[in-house]
Protein chains: 2
Amino acid sequence: MTDANTALHADASRPSRREQILQAAAQLFAERGSRAVGVDDVGAAVGVTGPAIYRHFASKDAMLAEMLLRISERLLEGGTARVAAAGDDPMAQLRTLIAFQVDFALDNPALITVHDRDLGSLADEDAAQVRRLQRRYVEVWVDVLGRVHPASDAATSRARAHAVFGLVNSTPHSAGRLPRRRTAALLAAMAEAAATA
Amino acid sequence: MTDANTALHADASRPSRREQILQAAAQLFAERGSRAVGVDDVGAAVGVTGPAIYRHFASKDAMLAEMLLRISERLLEGGTARVAAAGDDPMAQLRTLIAFQVDFALDNPALITVHDRDLGSLADEDAAQVRRLQRRYVEVWVDVLGRVHPASDAATSRARAHAVFGLVNSTPHSAGRLPRRRTAALLAAMAEAAATA
DNA sequence: CCGGTGCGTGAACCCTCGTTAACATCCCGC
DNA sequence: GCGGGATGTTAACGAGGGTTCACGCACCGG
């Protein structure tokens, strides 16, 4: 409803009803969990009744699926693009990846929350698709971390990547208490220190 | 059922039915989310039918409440005890806190998951109680981090603490792929680097 | 005008699931 | 041996909530 999430609608100025619904749903899902949010709640958040949702989505699960797929795709695309644009230096690649993840986490704390909490309430097929995208994004990190730590094996790099994600994605817990710029700088510095430790 | 979670039962050798239920529930809640797990599922996991649960707990919510309260209490107690035993050196206190959190996260990945995912599906009173305990535990970290970074204000220390929690609590995502000792060492090193950055 | 298409509404349907009730069983102290 | 509490079982109730249905209405091309 506010400026919470920018990642879900392409046209931010006058989002279509469909995009309004997705964004409101993301917010509500993040606050209470997708299973605790009723279709009526989502409708009310955009000023319509519950069943009106079905003019735009096949089901409640379809909403969640589209939400998670978009997030995963955005992360994967953004991550690969940044790395490709960062040249050959592993440290430069790492820094740009961190900056990207920090920006995303600060822009979309709600999506971050939903992303790793409600994957389980997805139909098997959709869940598998999301996991494929997630895995590919993780692999982008694993590659870069592997070049930063040439002595480490892939499993170690993978654990490192997950740890950095956890660090950066702490934004939903600490958001708003500090000016955004400060938070971004702090998280980036901590993430780089952790990733290179 | 296996050796998954050691934090919930005092007598690990022959846990009472009540403790079996709590442990099985923690496992299931972590895998699927508390709302997606039925009372029948929990019962089946310990070899009884669903309604048998009500011989040991007043309600499904009471199970979740007790689970989260125990976790929060354990963390707060353990954290304060470790800090008190670590002497006056802030870095020594930080290191022992990190070691404690890493051990807990590796011993109880399921509890970690439930802890910060299902707080929202708790009755207001219980949720408030859990949050009080959480806050006090965070303050233990904030105090130590404040002494490690004398120039930082409390808000910054708090953000740092949450970031370190996120890093260490990534165990549910990366568990098992690496021998435990290696994971513990890696996480501790990363956490210390991040906390002192 | 006029019919169709898009978007919404309120009512009803029905399945899931937490909870309770009524009835067995085991076991232990007297 | 026997009464009673602890522990389970099956059957049933009832609320909540996702989904469908039948209908209204605005808008738009011909």
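How many helices and strands does chain A have?

## Overall fold

Chain A has nine helices and zero strands; both kinds of element are DSSP runs numbered from the N terminus, helices being H or I with at least four residues and strands E with at least two. Read from the N terminus, the order is α-α-α-α-α-α-α-α-α. The radius of gyration of chain A is 18 Å, close to the 16 Å from the globule rule for 197 residues, so the chain is as compact as a globular protein of that length. That radius is taken over C-alpha atoms, and the rule is 2.2 Å times the number of residues to the power 0.38. The C-alpha trace spans about 55 × 40 × 30 Å along its principal axes.

## Basis of the values

This is a predicted model, in which local features need pLDDT of at least 70 and side-chain atom pairs count only at pLDDT 80 or more, while totals for chains, interfaces and linings use all residues. Residues are numbered from 1 along each chain as its sequence is written, chains are lettered from A and ligands numbered from 1 in the order in which they are written, and side-chain values use heavy atoms, with hydrogens and water left out.

## Surface, contacts and charge

Of the 197 residues of chain A, 50% count as buried. Buried means under 20% relative accessible area, exposed over 50%, and partly exposed in between, with a 1.4 Å probe and protein chains only. Chain A exposes about 9000 Å², and carbon and sulfur atoms supply 50% of that area. Among contacts (heavy atoms within 4.5 Å) with a separation of 6 or more in chain A, 67% join residues 24 or more positions apart.

The chain carries 23 positive and 23 negative side chains, and the centres of the two sets lie 3 Å apart. Lys and Arg count as positive and Asp and Glu as negative, without His or the chain ends; each charge is placed at NZ of Lys, CZ of Arg, CG of Asp or CD of Glu.

## The nonpolar core

The largest nonpolar core has 125 residues, and those with the most contacts inside it are Trp141(A), Leu167(A), Trp141(B) and Leu167(B). Helix H6 (residues 124-148) of chain B gives the largest share of this core, eleven residues. Such a core is a set of buried Ala, Val, Leu, Ile, Met, Phe, Trp, Tyr and Cys residues joined through side-chain atoms within 4.5 Å.

Beyond residues up to four places away in sequence, Trp141(A) touches Leu94(A), Leu97(A), Ile98(A), Gln101(A), Ala161(A), Val164(A) and Phe165(A).

## Helix H5

In helix H5 (residues 109-117) of chain A, seven of the nine residues are buried, so the helix is largely enclosed by the rest of the structure. Its buried residues include Leu111(A), His115(A) and Arg117(A). The buried residues of H5(A) pack against H1, H3, H4, H6 and H8 of chain A together with helix H5 (109-117) of chain B.

Arg180(A) lies in helix H9 (residues 180-196) of chain A and, at 38% relative accessibility, counts as partly exposed. Leaving aside neighbours within four places in sequence, Arg180(A) is in contact with Asp103(A), Leu106(A) and Asp107(A). Arg180(A) and Leu106(A) are 74 residues apart in sequence and 7.6 Å apart in space, C-alpha to C-alpha.

Ser170(A) sits in the loop between helix H7 (154-168) and H8 of chain A and is buried at 2% relative accessibility. Not counting residues up to four places away in sequence, Ser170(A) touches Leu187(A), His162(B) and Ala163(B). Gly38(A), in the loop between H1 and helix H2 (39-45) of chain A, is partly exposed at 27% relative accessibility.

Notes:
Accessible areas come from the Shrake-Rupley method with a 1.4 Å probe; for residues, only the protein chains shown count as cover.
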